[in-house]
Amino acid sequence: MSIPIFTDEVDTKGGWHGAQLSDAFAKRDVEAVFVSLRDCVIDLSLQSPHIQIPHFDESPKIAFVRGIAGGTLQQITTRLNVLHMLKMQGVLIYNDAKAIERTVDKAMTSFLLHQAAIQTPQTWVCESRLIAHEIIQTQQVNAKSPLIIKPLFGSQGHGVRLINKPLPLPMDQYVDGVFYLQKMVKSTHDYRVFVIDNQAIAAMRRRGESWLHNVALGAECEAVDDAEVNHLAEQAAKVVDIAYCGVDIIRDENGVLYVLEVNSIPAWRGLQSVVKIDIAQVLVDDCLKRL
Ligand SMILES: Nc1ncnc2c1ncn2[C@@H]1O[C@H](COP(=O)(O)OP(=O)(O)O)[C@@H](O)[C@H]1O
Ligand SMILES: [Mg+2]
């Protein structure tokens, strides 16, 4: 069997993660082919709709999503639609496009967690700069509770900032016109838990030089096995209804845990460097099991 791995790094065959996945698929006699979603064609000229995927004459049984390149709203919608249409034609998409949509948007993830009574830091999302300023005034100035701002679709800690003065907020273009404000939880570290099929299979503590504990920003990784952290990550995965994910969790000074976000296309290089379990193989086996 041959399957596509959708990635925005076709030239490097998906990089380190691509190599891990390709080896793990090969162990199960599955050939992985690296393809960019931007090279697919929605062909509606024939009797039945056909999604052309480079290197595939017939629809694959599975498509593994390792990356969706950034682009205009139209481009990203088209790429996600390719995944939705493939699913409608019976292809198993891992992770499912709907789950990717729910989690790539930090506001939707926060909403789903909060609605399910899963501890997550207090958050406000708005487009109005005026209202954002009022929230900052109330929280930060009156209640002395520091706030941070995050890009709605961000990753790897890029653009996550502490609002350490009442003014100024970043200009609208830096946050794409949406202010995602969140109460800061003070901690020297956070946790990343890898959850597959609602089970925490590996976890680490991350310690950054600043309060940002992303591996991409140089945080140190240390394996942990904390039942409470694992359980919370599993709860979060269930709530966003996702096949696998990387859950970020932080513990405040009183020991209370909060879910920060759920990543639907998580990296696991840092985590793999401190745990024995072969993450790519567990992932691939779970994917194949769902067929
Ligand atoms: N509410 C918060 N309080 C304290 N630190 C936070 C908070 N939210 C995020 N962080 C820190 O910033 C990092 C990046 O935030 P996160 O929400 O995971 O976005 P990203 O998608 O960029 O990883 C987290 O790993 C954590 O170290
Ligand atoms: Mg994160």
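Predicted model: local features only at pLDDT ≥ 70, side-chain atom pairs only at ≥ 80, totals over all residues.
**Domains.** I looked up the domain assignment first. It gives domain 1 as 2–94, domain 2 as 103–118 + 187–276, and domain 3 as 123–183.

**Domain 1 against domain 2.** I took the distance between the C-alpha centres of these two domains and got 26 Å. I then looked at which residues make the contact: six residues come from domain 1 and four residues from domain 2. On the domain 1 side that touches domain 2, I noted three nonpolar residues, two polar and one charged.

**Ligand 1.** I counted 22 residues around ligand 1. The closest are Pro121, Ser155, Val185, His213 and Glu261. Next I checked which elements give two or more residues to this shell, and found strand 8 (147–150), strand 10 (179–183), strand 14 (244–251) and strand 15 (257–263). Sorted by class, the shell holds nine nonpolar, eight polar and five charged residues. I also asked which domains supply the shell: domain 2 (103–118 + 187–276) and domain 3 (123–183) each give at least three residues.

**Helix 8.** I went through residues 279–289, which form helix 8, for burial. Ile279, Ala280, Leu283, Val284 and Cys287 are buried there. Why do they fall on the same side of helix 8? Around the axis they cover an arc of only 125°, so they share one side of the helix.

How values were computed: Residues numbered from 1 in each chain as written. Chains lettered and ligands numbered in written order. Domains from an automatic or database assignment. Contact = placed C-beta atoms within 7 Å. Nonpolar A, V, L, I, M, F, W, Y, C, P; charged D, E, K, R; others polar. Buried ≥ 20, exposed ≤ 12 C-beta atoms within 10 Å, placed from the backbone. Helix = DSSP H or I, 4+ residues; strand = E, 2+ residues; numbered from the N terminus. Arc of directions from axis to C-beta. Near = placed C-beta within 6 Å.
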